[in-house]
Amino acid sequence: MKTITTTKYNKVENTDKEFLNKGIVAFQMVKFTINFYGNEIETTHDTKIMNDGKQIVIGGCGYIKEGYELN
């Protein structure tokens, strides 16, 4: 079974007009701790926070895909 826990770091408000026009209001680094059948894997990714409240992974890896949406 696979379970994912997150640790969120400082949020940085966006001031760039180009990103604001795309709906991005902030960025935040998030550490993912994945328990994959007893093996613990840690990976850290940058995320973007949209004006509708969605938080989406930028980049990704084999465990957390680009575009993964945090709850």
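I started with K11, which stands opposite Q28 in strand 2. This is a predicted model, so I kept to its cut-offs: local features need pLDDT of at least 70, side-chain atom pairs count only at pLDDT 80 or more, and totals for chains, interfaces and linings use all residues. Residues are numbered from 1 along each chain as its sequence is written, and side-chain values use heavy atoms, with hydrogens and water left out.

Strands next. I took them as DSSP runs of E, at least two residues, numbered from the N terminus, and called two strands paired if DSSP finds at least two bridges between them. Strand 1 (residues 2–13) runs antiparallel to strand 2 (residues 24–36), with 10 bridges joining them. Strand 2 is also antiparallel to strand 3 (residues 39–50), through 12 bridges. There I found T33 opposite E42. The hairpin of strands 2 and 3 has 2 residues between the strands, and Y37 takes a positive phi near 55°.

Then I looked up rings. Phe, Tyr and Trp (its six-membered ring) pair if the centres lie within 6.5 Å; planes under 30 degrees apart are stacked, over 60 edge-to-face, the rest tilted. The whole structure gave me 4 aromatic pairs. F19 and F27 are edge-to-face, because their centres are 5.6 Å apart and their planes at 75°. F32 and Y68 are edge-to-face too, at 6.0 Å and 80°. F32 is in strand 2 and Y68 in the loop between strand 4 (55–58) and strand 5 (69–70), so this pair ties together parts 36 residues apart in sequence.

I checked burial as well (buried under 20% relative accessible area, exposed over 50%, partly exposed in between; 1.4 Å probe, protein chains only). F32 is buried at 0%, while Y68 is partly exposed at 32%.

Note on methods. Helices (H or I, at least four residues) and strands (E, at least two) are DSSP runs, numbered from the N terminus.
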